[in-house]
Amino acid sequence: MTREELADYIRKTYNIKFDNPFTGDFESAVFRHPDNKKWFALVMRVSADKLGFPDDNDIDIVNVKVEPDMAEYIADGSSIFPAYHMNKKHWVTLLLGNPASDEKIKSLLDISYNLTDNTKNKKRKK
């Protein structure tokens with residue numbers, strides 16, 4: 001899944017468009033709930049060595065929120081990593097561009113979307 005395919009999937013699935021919240025950075029994109037403004041996905045272009053790869057070519061990634069006990073268990077070091085530039089207990093980084101990971105990305109997007117949705121969290125607490 002490319003970053004463009006990811007944005008299209010999120011728009012079609014959740015009816016949400018991205019925004020660029022960082023001044024002067026038009027490559028990073030945030031997807032957030034319209035009601036509470038909480039992020040559920042952050043797309044960035046970073047140097048591959050930031051994730052432990054041996055080169056410094058730029059790669060596309062997406063950060064998503066997960067259950068705290070889930071993050072350390074699903075990081076496989078090839079397509080899922082401890083979160084780059086975010087809380088590693090609550091977020092993971094997914095490598096974009098590998099079609100074999102598309103279903104995994106969609107599943108983790110659903111988890112992230114639900115974890116950051118205030119209306120679902122309120123129902124869960126009751």
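Visitor: Which residues does Ser28 touch, not counting residues up to four places away in sequence?

Guide: Quick heads-up before we dig in: this is a predicted model. In it, Ser28 touches Arg3, Asp19, Asn20, Phe22, Val43 and Met44, leaving out residues up to four places away in sequence. Ser28 itself lies in the loop between α1 and β1.

Visitor: Why is Ser28 called buried?

Guide: The cut-off for buried is under 20% relative accessible area. Ser28 has 6%, so it counts as buried.

Visitor: What makes Ser47 buried or exposed?

Guide: Again, set the value against the cut-off. Ser47 has 16% relative accessibility, which is under 20%, so it's buried. You'll find Ser47 in strand β2, where it is in contact with Asp56, Asn57 and Asp58, leaving aside neighbours within four places in sequence.

Visitor: And Ala7, why is that one called buried?

Guide: Ala7 comes out at 19%, and the rule asks for under 20%, so Ala7 is buried. Ala7 sits in helix α1. Beyond its neighbours within four places in sequence, Ala7 is in contact with Phe18 and Phe31.

Visitor: Let's follow those two, then. What makes Phe18 partly exposed?

Guide: Partly exposed covers the range between the 20% cut-off for buried and the 50% cut-off for exposed. Phe18 has 43%, so it lands in that range. Phe31, on the other hand, has a relative accessible area of 2% and is therefore buried.

Visitor: Why is the pair of Phe18 and Phe31 called edge-to-face?

Guide: There are two checks. First, ring centres have to lie within 6.5 Å to pair, and these are 6.0 Å apart, so they do pair. Second, planes over 60 degrees apart count as edge-to-face, and these sit at 70 degrees, so that's the name they get. The pair also links distant parts of the chain: Phe18 is in the loop between α1 and β1, while Phe31 is in strand β1, 13 residues apart.

Visitor: Why is the pair of Phe31 and Phe40 called tilted instead?

Guide: Their ring centres are 6.5 Å apart and their planes are at 45 degrees. Stacked needs under 30 degrees and edge-to-face needs over 60, so 45 degrees makes the pair tilted. Both Phe31 and Phe40 are buried, by the way.

Visitor: How many aromatic pairs are there by this rule?

Guide: The count comes to 7. There's a cluster too: Tyr9, Tyr14, Phe18, Phe31, Phe40 and Tyr113 form one aromatic cluster.

Visitor: Which residues of the largest nonpolar core touch the most other members?

Guide: That core has 24 residues, and Leu6, Ile10, Phe40 and Leu109 touch the most other members. The elements giving two or more residues to this core are α1, β1, β2, β3, β5 and α3. The largest share, 5 residues, comes from α1.

Visitor: What is Leu109 in contact with, leaving aside its neighbours within four places in sequence?

Guide: Leu109 is in contact with Leu6, Tyr9, Ile10, Tyr14, Phe40, Ala41 and Val64. There's also a second, separate core of 14 residues, which includes Val30, Ile59, Ile61 and Leu95.

Visitor: Which residues of α3 are buried?

Guide: They are Asp102, Ile105, Leu108, Leu109, Ser112, Tyr113 and Leu115. Seen down the axis of α3, these buried residues fall within an arc of 160 degrees, so they line one face of the helix.

Visitor: How do you know what span to expect for α3?

Guide: Helix α3 covers residues 102–115, which is 14 residues, and the expected span at 1.5 Å a residue is 20 Å. From first C-alpha to last, α3 reaches 20 Å, close to that expectation.

Technical notes: Residues are numbered from 1 along each chain as its sequence is written. This is a predicted model: local features need pLDDT of at least 70, side-chain atom pairs count only at pLDDT 80 or more; totals for chains, interfaces and linings use all residues. Side-chain values use heavy atoms; hydrogens and water are left out. Helices (H or I, at least four residues) and strands (E, at least two) are DSSP runs, numbered from the N terminus. The expected span of a helix is 1.5 Å times one less than its number of residues. Buried means under 20% relative accessible area, exposed over 50%, partly exposed in between (1.4 Å probe, protein chains only). The arc is that of the directions from the helix axis to the C-beta atoms. A nonpolar core is a set of buried Ala, Val, Leu, Ile, Met, Phe, Trp, Tyr and Cys residues joined through side-chain atoms within 4.5 Å. Contact means heavy atoms within 4.5 Å.
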